[in-house]
Amino acid sequence: MVLGVLVFGFSLATLSGQMGVATDLPFPLLVLIAAVAGAAAWFAPRAWWPLAAVGALAHVGFAMWPPLLVASYYAGTRLRERRDIAAYAGMGAVTVALSAGVGALIGGQREHLTGTLGNATLMGAAGIGLPLVFGLWVRARRDVLAAAQERAERLEREQVMRADQARAQERARIAREMHDVVAHRVSLMVMHAGALEVGTSDSRTAQAAALIGDIGREALTNLRDVLGVLRAPSLPAPRAPQPTLADLDGLLDQSRALGIALTRHDEGEARSLGPTVERTAYRVVQEALTNVHKHAGETSADVSIRFLPSSLEVVVANQPPVRQAAPLPESGWGLVGLRERVELVGGTLHTGHREDGGFELRARIPA
């Protein structure tokens with residue numbers, strides 16, 4: 001729109017003699033000619049050839065230069081083949097020659113402006129040549145920038161692909177290591193527990209061996225799910241039922257069978273809190289009891305589940321160990337991962353030693 005208004009204004013100024021050769025045509029006709037040039041200029045970003053045609057006719061008939069100047073610029077930005085550029089330059093030369101011929105026939109100020117060879121050459125270079133060269137430079141610069149952007153995008157895509165490939169290879173390597181080491185050792189544990197269960201005559205030993213076998217088989221099932229996700233991360237995660245507070249008693253019974261005296265306390269009005277909150281609470285108790293097994297051995301502990309108005313509080317507090325248990329290997333990431341899990345749902349986790357020498361883990365989860 002702005003370009004059309006500018007071309008209209010400069011064209012009318014040229015026709016009226018302020019910036020060119022004045023004509024004897026009525027002023028309304030001059031306004032109409034300038035309006036046609038302005039309309040063609042407004043349409044030039046979509047199609048430049050109508051403006052070039054209007055500019056050529058106006059330059060030959062009235063020595064009006066604004067439409068041809070703008071058309072030459074757009075021709076430079078659109079033409080790509082050398083023959084097309086040469087053809088346009090040739091037609092521009094013909095237009096300038098015809099304008100010079102008309103100026104020589106009319107005489108007067110028109111002959112002084114376009115009738116001589118030098119003036120015609122100067123008008124052609126200024127009205128056609130320079131805008132055409134400038135348009136070619138703009139197009140070349142745009143092509144260079146587009147090529148650079150395309151190359152940067154291609155390199156970024158290749159970098160993402162290489163990173164994805166490296167992650168997939170690392171996932172596969174971790175999965176192989178876990179299968180070869182962890183799964184193999186747990187399988188041996190389950191097999192020996194089964195042999196002990198069958199071969200012993202002590203009912204208590206057989207019961208403990210059966211419990212160990214059940215825990216080992218459950219661990220193998222969970223490990224198989226994790227290995228499946230590691231090997232094929234694009235596949236959906238397994239949809240097996242996730243533990244909730246309803247499964248908490250089973251977890252406590254397993255710990256009791258391994259020698260920990262556990263007492264569960266439920267406070268507040270029990271209600272359904274959603275799978276995410278209950279699963280997080282279950283993992284909190286699971287990790288706390290695992291640490292009790294590792295560091296306290298045979299001792300007693302209290303598990304408190306407090307249903308508060310806007311949150312669920314889980315407290316696991318154990319007494320000092322009766323006798324020091326043999327140290328177990330530590331991953332070093334249990335409480336760190338548990339804290340991240342609790343904070344991910346907007347909760348808080350606090351851990352620390354108590355005055356009597358025991359240990360307390362307290363988690364508050366928004367509900």
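Helix α9 (residues 248-257) lies across strands β1 and β2 (300-307), and runs at about 155° to β1. Keep in mind that this is a predicted model. Helix α11 (residues 334-344) packs on the sheet too, touching β4 and β5, and its direction makes about 150° with that of β4.

| Helix | Residues | Strands | Angle |
|---|---|---|---|
| α9 | 248-257 | β1 and β2 | about 155° to β1 |
| α11 | 334-344 | β4 and β5 | about 150° with β4 |

Now for the sheet itself. The five strands form an open sheet in the order β1-β2-β3-β5-β4, and the pairing is mixed. Because β1 (261-267) and β4 (348-353) sit at the edges with a single partner strand each, one side of each has no neighbour in the sheet. From one strand to the next, the twist averages 10°.

Further in, strands β3 (residues 311-318) and β5 (residues 359-366) run antiparallel and are joined by eight bridges. If you want a spot to look at in that pair, V315 stands opposite R362 in β5. As a general point, strands of a sheet pair through backbone hydrogen bonds, either parallel or antiparallel.

Zooming out, the chain has 11 helices and five strands. It runs to 367 residues, and 33% of them count as buried. Take the contacts between residues at least 6 apart in sequence: 66% of these join residues at least 24 apart. As for the surface, the chain exposes about 21,800 Å², with carbon and sulfur atoms supplying 62% of that.

Definitions and conventions
Residues are numbered from 1 along each chain as its sequence is written. This is a predicted model: local features need pLDDT of at least 70, side-chain atom pairs count only at pLDDT 80 or more; totals for chains, interfaces and linings use all residues. Side-chain values use heavy atoms; hydrogens and water are left out. Helices (H or I, at least four residues) and strands (E, at least two) are DSSP runs, numbered from the N terminus. Buried means under 20% relative accessible area, exposed over 50%, partly exposed in between (1.4 Å probe, protein chains only). Contact means heavy atoms within 4.5 Å. Accessible areas come from the Shrake-Rupley method with a 1.4 Å probe; for residues, only the protein chains shown count as cover. Two strands pair if DSSP finds at least two bridges between them. Axes are lines fitted to C-alpha atoms, for helices over the stretch in contact, and angles run from 0 to 180 degrees between N-to-C directions.
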